[in-house]
Amino acid sequence: MKKCLLMFFLVFVLAGCTNDQNSNESSNLSSSSSKDTKIEELQNVNTRLKEQLENSQEKTNDEALRETLNLTFKLISAMASKDYEFIESISSPNVEVSREKNAISIKSIKDVNDDFAEVAFLNSIKLENLEFRGFDLTDETHARLFMAEIRTTKGSEGNSALYFDFVRSEDGRWLLESFLTN
């Protein structure tokens with residue numbers, strides 16, 4: 001009888017150990033499975049956040065392009081009509097408007113004589129002769145717009161490059177920071 005009890009006890013203990021090992025393995029598997037699920041969920045959230053960030057940056061880039069392009073067209077028209085008040089209202093402190101010379105002086109750019117760079121107003125450009133060449137939003141407050149005037153008149157064919165630099169003011173408006181042409 002003692003042998004039967006001992007055998008029964010050993011079978012019970014061994015069965016208990018086997019069940020514990022299986023339950024440990026199954027809990028490890030479920031733990032591993034839940035970790036994999038959590039990792040997969042985090043990867044999905046990360047992907048969605050990256051897409052939202054890209055869309056946000058594209059939206060910011062598109063808005064800046066639209067605003068600076070519109071401002072450029074208005075600036076070119078204001079130069080042609082010599083609307084000094086408008087040009088001064090959209091100019092940063094880095095830009096001075098010379099009414100006597102019909103030019104813009106740019107304080108941050110010096111010429112060979114160590115004077116401020118001076119660029120004459122554009123006065124004979126037709127908007128339909130302008131071509132968009134590029135846009136660079138260097139950060140949230142600085143943008144550069146690249147344009148070209150295309151001349152197709154016989155005898156004076158060619159193009160002129162136009163570079164417009166803008167800076168965003170504290171109140172969120174884009175201001176002319178510099179303007180160069182070749």
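Among contacts in this protein between residues at least 6 apart in sequence, 39% join residues at least 24 apart, where contact means heavy atoms within 4.5 Å. Before going further, keep in mind that this is a predicted model, with local features needing pLDDT of at least 70 and side-chain atom pairs counting only at pLDDT 80 or more, while totals for chains, interfaces and linings use all residues. Residues are numbered from 1 along each chain as its sequence is written, and side-chain values use heavy atoms, with hydrogens and water left out.

Let's start with the overall layout. The protein has 2 helices and 7 strands; helices (H or I, at least four residues) and strands (E, at least two) are DSSP runs, numbered from the N terminus. Read from that end, the elements go α-α-β-β-β-β-β-β-β. The protein has 182 residues, and 26% of them count as buried. Here buried means under 20% relative accessible area, exposed means over 50%, and partly exposed is in between (1.4 Å probe, protein chains only). As for the accessible surface, the protein comes to about 12800 Å², and 53% of that belongs to carbon and sulfur atoms. Those areas come from the Shrake-Rupley method with a 1.4 Å probe, and for residues only the protein chains shown count as cover.

Now find the sheet. Strands of a sheet pair through backbone hydrogen bonds, either parallel or antiparallel. In this model, an open sheet of 4 strands has the order E4-E5-E6-E7, and its pairing is antiparallel. E4 and E7 (174–181) stand at the edges with a single partner strand each, so one side of each has no neighbour in the sheet. From one strand to the next, the twist averages 20°, using axes that are lines fitted to C-alpha atoms (for helices over the stretch in contact) and angles that run from 0 to 180 degrees between N-to-C directions.

You can follow the sheet strand by strand. E4 (residues 130–139) is joined to E5 by 8 bridges, and the two run antiparallel; two strands pair if DSSP finds at least two bridges between them. A hairpin takes the chain from E4 to E5 through 2 residues.

Asp 165 is a handy landmark here. Arg 144 belongs to E5 (residues 142–151) and Asp 165 to E6 (residues 158–168), so the pair ties together parts that are 21 residues apart in sequence. Asp 165 is buried, with a relative accessible area of 13%, whereas Arg 144 counts as partly exposed at 30%.

How many salt bridges are there by this rule? The count comes to 8. One of them joins the side chains of Lys 101 and Glu 118 (3.5 Å, N to O). Lys 101 is in the loop between E1 and E2 (103–110), while Glu 118 is in E3 (residues 116–120), so this pair links distant parts of the chain, 17 residues apart. Lys 101 is exposed at 55% relative accessibility, and Glu 118 is partly exposed at 41%. Another salt bridge brings together the side chains of Arg 173 and Asp 171 (3.4 Å, N to O). Of these two, Arg 173 is partly exposed at 41% and Asp 171 is exposed at 57%. Finally, salt bridges that share partners join Glu 85, Glu 88 and Arg 99 into one network.

Which loop holds Ser 92? Ser 92 lies between helix H2 (84–89) and strand E1 (95–98). At 3% relative accessibility, Ser 92 counts as buried. Its side chain makes a polar contact with the side chain of Glu 177 (2.8 Å). A polar contact is a pair of N or O atoms within 3.5 Å; within protein, one must be able to donate a hydrogen and the other to accept it, and residues adjacent in sequence count only if both atoms are side-chain atoms. Not counting residues up to four places away in sequence, Ser 92 touches Val 167, Leu 175, Leu 176 and Glu 177.

Ser 160 is found in E6 and is buried, at 12% relative accessibility. A polar contact of 2.7 Å joins its side chain to that of Arg 151.

Methods: Salt bridge = Lys/Arg side-chain N within 4 Å of Asp/Glu carboxyl O.
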